[in-house]
Amino acid sequence: MSKPCTCPEPPYYSVIFANQRTAEDPAGYDAMAERMFELAQRQPGYLGVDTARDAEGFGITVSYWRDLEAIENWRINSDHLEAQQLGREKWYETFSLRVARVERA
């Protein structure tokens, strides 16, 4: 995860997740984040990810997907649903999610 994603030629889709972390349960958050990155890599249609977080806890993760169906299948994955719920309950002060079609890279 330390270098920019190398995706295929467009078109494809990106899911842009911007968030502000709370200070709660950093070890649990880190473990879940690693688990989600590993799980996403096994999802059909997954192309890659770029992610960053600053010292104040603001982060942005951009995941890349072949099509909208792949994004929907990831959204409803049972393990991912669990992570989403924990994020809403304790790990994120605020967040936004956007889906965009990449036309050019």
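**Terms and the values behind them**

Modeller: Aspartate 25 is found in the loop between β1 and α1, where helices (H or I, at least four residues) and strands (E, at least two) are DSSP runs, numbered from the N terminus. The model is a predicted one, in which local features need pLDDT of at least 70 and side-chain atom pairs count only at pLDDT 80 or more, whereas totals for chains, interfaces and linings use all residues. Residues are numbered from 1 along each chain as its sequence is written, and side-chain values use heavy atoms, with hydrogens and water left out.

Colleague: Why is aspartate 25 called partly exposed, and what is noted about its phi?

Modeller: The relative accessible area of aspartate 25 is 29%; since buried means under 20%, exposed over 50% and partly exposed in between (1.4 Å probe, protein chains only), aspartate 25 belongs to the partly exposed class. As for its backbone, phi is near 50°, a positive value in a residue other than glycine. That is worth noting because most residues other than glycine have a negative phi.

Colleague: What makes the peptide bond between proline 10 and proline 11 worth a remark?

Modeller: That bond is cis, with omega at about 10°, and proline 11 is found in the segment before β1. The background is that most peptide bonds are trans.

Colleague: How do you know how α1 and α3 are oriented to each other?

Modeller: Helix α1 (residues 26–41) and helix α3 (residues 78–91) pack at an angle of about 150°, and their axes are 11 Å apart; the axes are lines fitted to C-alpha atoms, for helices over the stretch in contact, and angles run from 0 to 180 degrees between N-to-C directions. Angles under 35 degrees count as roughly parallel, over 145 as roughly antiparallel, 65 to 115 as roughly perpendicular and the rest as oblique, and α1 and α3 are therefore roughly antiparallel to each other.

Colleague: Which residues carry the contact between α1 and α3, and how are they divided by class?

Modeller: On the α1 side they are Gly28, Tyr29, Met32, Arg35, Met36 and Leu39, which meet Asp79, His80, Glu82, Ala83, Leu86 and Trp91 in α3, contact being heavy atoms within 4.5 Å. By class, the contact of α1 with α3 has seven nonpolar, two polar and three charged residues; here Ala, Val, Leu, Ile, Met, Phe, Trp, Tyr, Cys and Pro count as nonpolar, Asp, Glu, Lys and Arg as charged, and the others, Gly among them, as polar.

Colleague: What makes β2 and β4 edge strands?

Modeller: Four strands form an open sheet in the order β2-β3-β1-β4, with antiparallel pairing, and two strands pair if DSSP finds at least two bridges between them. The strands β2 (46–53) and β4 (92–102) each pair on one side only, and that makes them the edges. Direction ignored, neighbouring strands of this sheet are turned by 15° against each other on average.

Colleague: What class does arginine 66 fall into, and on what value?

Modeller: Arginine 66, in the loop between β3 and α2 (68–75), has a relative accessible area of 47% and is therefore partly exposed. Not counting residues up to four places away in sequence, arginine 66 touches Tyr12, Tyr13, Pro44, Gly45 and Leu47.
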